[in-house]
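Good morning, colleagues. Please have the sequence and the structure before you.

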Amino acid sequence: SDFSGIVLKAAARGALASVQTFVAAHPAWVRQVGPHARTMVWEAAYMGRLSVVEYLLSRGVELDQPGCYYTPMLAEVSPRTAARLQGHDDVAHVFEQRGDATDLHDACYLGDADFALRSNQLLSSPPPASAPTFSAVAGARSDVVAALLTVRPKSQACDGLLLRWAAWRGNLEIIDRLLACGANPNDSGI
């Protein structure tokens, strides 16, 4: 509870001196995972706290440990994507300089349909085939959902959780696309 209630919040506030003190006392906390898989670097990236991100990156954090605030986001994304989502491009750029690149799920969440369709991951990804589509639905990216449903439409649309997430997002365009590809409202719990 100290980690979640104090340490993660210090990283989110950008309290660099506090974060440095916590890491000095507990070096393993640079990789500690809190609620919804959030880490100190994820919190700092999401809030645009560049100095804290740079410090934590120097301490060997995992670049791509996904996390989320579940209610607004629905899906976990990398710290770089969290920064990009919030418009903190300077923070996202620091991750990119360290070698963190866009992956299929983050591209789908952010709305990059071209990247998604070019991705070798899309056709070679193991089941569930709907995983990239989950990211696009969670990000409310109807154009990406439409593009993804052109590849293996039945295996993607038939996961009931997709329809539920689209309903939570209130996105009628995505709901229509999923229903047209065979999604069954009775399997979605709605």
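Predicted model: local features only at pLDDT ≥ 70, side-chain atom pairs only at ≥ 80, totals over all residues.

**Salt bridges in the model**

Let me begin with Arg-84 and Glu-96, whose side chains form a salt bridge with the closest N and O atoms 2.4 Å apart. Arg-84 belongs to helix H6 and Glu-96 to helix H7, so this pair ties together parts that are twelve residues apart in sequence. Arg-84 is partly exposed, at 28% relative accessibility, and Glu-96 is likewise classed as partly exposed, at 33%.

Which residue does Arg-80 meet in a salt bridge? The partner is Asp-100, and the closest N and O atoms are 3.6 Å apart. Through salt bridges with shared partners, Arg-80, Asp-100 and Asp-106 are joined into one network.

I turn now to Arg-31 and Glu-62, which form a salt bridge with an N to O distance of 3.3 Å. Arg-31 lies in the loop between helices H2 (16-25) and H3 (40-47), and Glu-62 in the loop between helices H4 (50-58) and H5 (70-73), so the pair ties together parts 31 residues apart in sequence. Arg-31 is partly exposed, with a relative accessible area of 46%; Glu-62 is partly exposed at 38%.

Finally, the count of salt bridges comes to seven.

Notes: Residues numbered from 1 in each chain as written. Heavy atoms only, no water. Salt bridge = Lys/Arg side-chain N within 4 Å of Asp/Glu carboxyl O. Helix = DSSP H or I, 4+ residues; strand = E, 2+ residues; numbered from the N terminus. Buried < 20%, exposed > 50% of the residue type's maximum accessible area, 1.4 Å probe, protein only.
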